[in-house]
Amino acid sequence: MSDPRLQRRLGTSAAVFIGLGSMMGAGVFAVFQPAAQVAGAGLLIGLVIAAVVACCNAMSSAQLAAQLPSAGGTYLYGRELIGPWWGFAAGWSFVVGKTASAAAMAVAFAAYAAPAEWSRPVAAVAVAAVVVTNCLGVTRTATATRVIVVAVLLVLAVVVGSGIVGPEAGSTGVASLGFDASPLAVLQSAGLLFFAFAGYARIATLGEEVRDPAKTIPRAIGIAFVVAVVVYVAVAVVSLLTLGADGLASSARPLAAVVETNGWPWAATLVRLGAAAACLGALLAVFAGIGRTAFAMARTGDLPRALDAVHPRFATPYRAELLVGAVVIVLVLLVDLRSAIGFSSFGVLLYYVVANVAAYRQTREHRRYPRAVSVFGAVGCVVLMFTLPPTSVIVGTVVVLLGFAGRAMLAPRQAR
């Protein structure tokens, strides 16, 4: 029987790319359109709010990961520093929300990479390929993610470049900018945009697989977060200046529209390929995080203990990966999950509420930042949670409560 421990194989660079791979696909190609629909040009304010809240969360996550460098991320932190029910709330929210998010990413990838009639089978094949890649080892996941992230960053550089030096740059959109959105609309856009910042959590969930985690994880989270913020701000500003708030809100493929409007039609295909690559990279990184959180929950009995298994050769939580992969394949074949972004944001925000509360509970010798950072992060997450669309809040609350009910019924049967 194999030892149920993961191996420390990743350095700072690999961890940074896994975090960036998680953020770039879900956010930069997809989230600005719904944010513009809600708040128009006010999404820039929403982006700042989301970035500030995410920064507080990143600081809390880095501080926690340095103290508790094991698989599971906030599930582990909540369980160890607050209590098992808090840990379960974080782990359950992460696994359920990100499983739905993974299915949406797979469908988005197929929408860019295949004809409409083949989108769902292609999405299922993409999920299967990602599961196999993750099961073969985290170093393979990191290598594949690194290649994809570099390609995506180059594509985004083309988008931003078209808005700066393209032959039609600056010819449209400027006159239509105006910050006339209500405070509620701006906050709702911030809640949607927060979805794009959540990738650094994947770095923390890999805490048992990085070398020198007390230094590597905080450094990797900080680098990934700063790079993402710079990229998001640049792309958001160029998109608004090029298309205007109304054009951004109405465009199904806004970044392709940006390069076309700026006089670089040849780059539209490149952008579509970059979007497909970004979604695939995010899918790789998200699966790595879901599988390891499920593995950590199984290790403590919050999920079936059969999932507490590490492959004897590849040192990966293969049973958890295979189960999550099977669920996601069923979802992409049967269910339209494009409306799951709000539900996923609800789960991610709840996850970070627990992270901030856990960071607040850390003792002085383990704290790197003032407790005010954790307080602001927790309050910000709660505010953004309850300014999401009502359906997302209701569905998210119901799913979380069902998870609590299930744990309450199964807990007496689990060995503690």
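**Figure 1. Helices α6 and α12 are oblique to each other.** In this predicted model, local features need pLDDT of at least 70, side-chain atom pairs count only at pLDDT 80 or more, and totals for chains, interfaces and linings use all residues. Residues are numbered from 1 along each chain as its sequence is written, and side-chain values use heavy atoms, with hydrogens and water left out. Helix α6 spans residues 119-135 and helix α12 residues 267-299; they pack at an angle of about 50°, with their axes 10 Å apart. Axes are lines fitted to C-alpha atoms, for helices over the stretch in contact, and angles run from 0 to 180 degrees between N-to-C directions. Angles under 35 degrees count as roughly parallel, over 145 as roughly antiparallel, 65 to 115 as roughly perpendicular and the rest as oblique. The crossing of α6 with α12 is right-handed; this term applies if the near helix is turned clockwise from the far one by less than a right angle, and left-handed if anticlockwise. Residues A126, V127, V130, V131, T133 and N134 of α6 meet L280, L283, L284, F287 and A288 of α12, where contact means heavy atoms within 4.5 Å. This contact has nine nonpolar, two polar and no charged residues (Ala, Val, Leu, Ile, Met, Phe, Trp, Tyr, Cys and Pro count as nonpolar, Asp, Glu, Lys and Arg as charged, and the others, Gly among them, as polar).

**Figure 2. Helices α3 and α15 form a left-handed crossing.** The axes of α3 (residues 43-67) and α15 (residues 371-385) come within 8 Å and cross at roughly 130°; the two helices are therefore oblique to each other. On α3, the contact involves V52, V53, C56, N57, M59 and S60, and on α15 V373, S374, F376, G377, G380, C381 and L384. By class, eight nonpolar, five polar and no charged residues take part.

**Figure 3. The largest nonpolar core contains 119 residues.** A nonpolar core is a set of buried Ala, Val, Leu, Ile, Met, Phe, Trp, Tyr and Cys residues joined through side-chain atoms within 4.5 Å. Buried means under 20% relative accessible area, exposed over 50% and partly exposed in between (1.4 Å probe, protein chains only). The members that touch the most others are F29, F32, L43, L156, F194, Y232 and F287. Helix α10 (residues 213-250) supplies the largest share, 16 residues. When residues up to four places away in sequence are not counted, L43 touches F32, A35, A36, S189, L193, A236, L240 and L248. Another core, of five residues, lies apart and includes A108, F109, A276 and C279.

**Figure 4. S251 and A252 lie in the loop between α10 and α11.** S251 counts as buried, at 12% relative accessibility, whereas A252 counts as exposed, at 65%. S251 touches Q33 and A257, residues up to four places away in sequence not being counted. The C-alpha atoms of A252 and Q33 are separated by 7.6 Å, although these residues are 219 residues apart along the chain.

**Figure 5. Helix α4 is mostly covered.** Seven of the eight residues of α4 (residues 74-81) are buried, namely T74, Y75, L76, Y77, G78, R79 and L81. Just after α4, G83 takes a positive phi of about 160°. The protein has 16 helices and zero strands; helices (H or I, at least four residues) and strands (E, at least two) are DSSP runs, numbered from the N terminus.
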